[in-house]
Amino acid sequence: MGRRWQRERKREHFYRMAKRVGYRSRAAYKLQQLNRRYGLLRRGDVVVDLGAAPGGWLQVAREEVGGEGFVLGVDLQPITKLPYNNVATLVGDITKPETWGHIKTKLPRAANVVISDASPSVSGVWEIDHLRSIELARAALEIACQVLAHGGKFLIKVFQGEMLDEFLTEVRQKFAFVKVSKPIASRKGSAEVYVIGKGFKPTSVVLRKTEKLLKTCKISSTGASVRSPMSEKCIRDAK
Ligand SMILES: C[S@@+](CC[C@H](N)C(=O)[O-])C[C@H]1O[C@@H](n2cnc3c(N)ncnc32)[C@H](O)[C@@H]1O
């Protein structure tokens, strides 16, 4: 049995299962597997799904958050409506700041989870596809930073390549726990991997903490008052 044959068989297996169950994509199984492994989606969560068409991940996310949660799907392509009041969709380019604004206005409150399966249209040239995928991944990270609540979670697809490490460093600055994973529903030979981030650390919290420490040290955030060796230590600790 050739490797290629086995890969095709696996693809076919998830494709058939998705058809049977009524999922709009076999990608739905990737989210299910990653969710089972990393505990990303919970009842009542607000979830933003980027690159969501045709809607397989939206279906899985809705199953997990239930009737009390809310799921927003965003894609360049229109997404056929799902039969739930708490699933909304938006046509937009996630790399464009105006889309970020639209996403925020659609959410009932800060999001608990941002997931992104967005893929560039593949050129077949590994480096180009990798760079485009990193551009989408950075846009997804930016959106996550704008909409996630403190402690929120992040799951994003990215094509492997030389910029991946740099991207992971950026994710690590924002999340307490970061992992790279490949679900079994993803083809072994494909360049895609999924980056998981948990424990979102909003910058504003860091700033608030800094301000609080500066207050304790009796120094204004503009640094206007006289600095003593003690206050200098406080500033160092606060940074
Ligand atoms: C692999 S599909 C997503 C499948 C989806 N997770 C599902 O389960 O049905 C990738 C999607 O990314 C979308 N996409 C690519 N670039 C985008 C962009 N700049 N903004 C929004 N969506 C984008 C594509 O239109 C495509 O629908």
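## The nonpolar core

A nonpolar core here is a set of buried Ala, Val, Leu, Ile, Met, Phe, Trp, Tyr and Cys residues joined through C-beta atoms within 7 Å. A residue is buried if 20 or more other C-beta atoms lie within 10 Å of its own, exposed if 12 or fewer, and partly exposed in between, with C-beta atoms placed from the backbone. In the largest such core there are 54 residues, and V47, V114, A140 and I143 are the ones that touch the most other members. Two or more residues each come from helix 2, strand 1, helix 3, strand 2, strand 4 (111-116), helix 5, strand 5 (148-159) and strand 7 (192-200). Helix 5 is the top contributor, with eight residues. In general, nonpolar side chains in soluble globular proteins tend to be buried together.

Keep in mind that this is a predicted model: local features need pLDDT of at least 70, side-chain atom pairs count only at pLDDT 80 or more, and totals for chains, interfaces and linings use all residues. Numbering runs from 1 along each chain as its sequence is written.

## The overall picture

The protein has eight helices and seven strands, where helices (H or I, at least four residues) and strands (E, at least two) are DSSP runs numbered from the N terminus. Of its 239 residues, 33% are buried. Take the contacts between residues at least 6 apart in sequence: 63% of them join residues at least 24 apart. A contact means that the C-beta atoms of two residues, placed from the backbone, lie within 7 Å.

A140 touches L50, I94, V114, S116, A118 and I156, leaving out residues up to four places away in sequence.

V74 sits in strand 2 (residues 70-75). Why does V74 count as buried? Because it has 27 C-beta neighbours inside 10 Å. Beyond its neighbours within four places in sequence, V74 is in contact with D49, L50, A52, L90, G92, I94, T99 and I103. V74 and S116 are 42 residues apart in sequence, yet their C-alpha atoms are 9.4 Å apart in space.

Helix 3 is mostly covered, with nine of its ten residues buried; among them are W57, L58, R62 and E64. In the loop between strand 1 (46-50) and helix 3 you'll find P54, joined to A53 by a cis peptide bond with omega of about 5 degrees. Just after helix 3, G66 takes a positive phi of about 70 degrees.

The axes of helix 2 (residues 28-38) and helix 3 (residues 56-65) come within 7 Å and cross at roughly 40 degrees. On the helix 2 side the contact uses A28, L31, Q32 and N35, and on the helix 3 side G56, W57, Q59, V60 and E64. Axes are lines fitted to C-alpha atoms, for helices over the stretch in contact, and angles run from 0 to 180 degrees between N-to-C directions.

## Around the ligand

Which residues are closest to the ligand? They are S25, A27, G51, G56 and D117, out of 23 that surround it, with "near" meaning a C-beta atom, placed from the backbone, within 6 Å. Helix 3 and strand 2 are the elements that give two or more residues to this shell. By class, the shell has twelve nonpolar, seven polar and four charged residues. Here Ala, Val, Leu, Ile, Met, Phe, Trp, Tyr, Cys and Pro count as nonpolar, Asp, Glu, Lys and Arg as charged, and the others, Gly among them, as polar.
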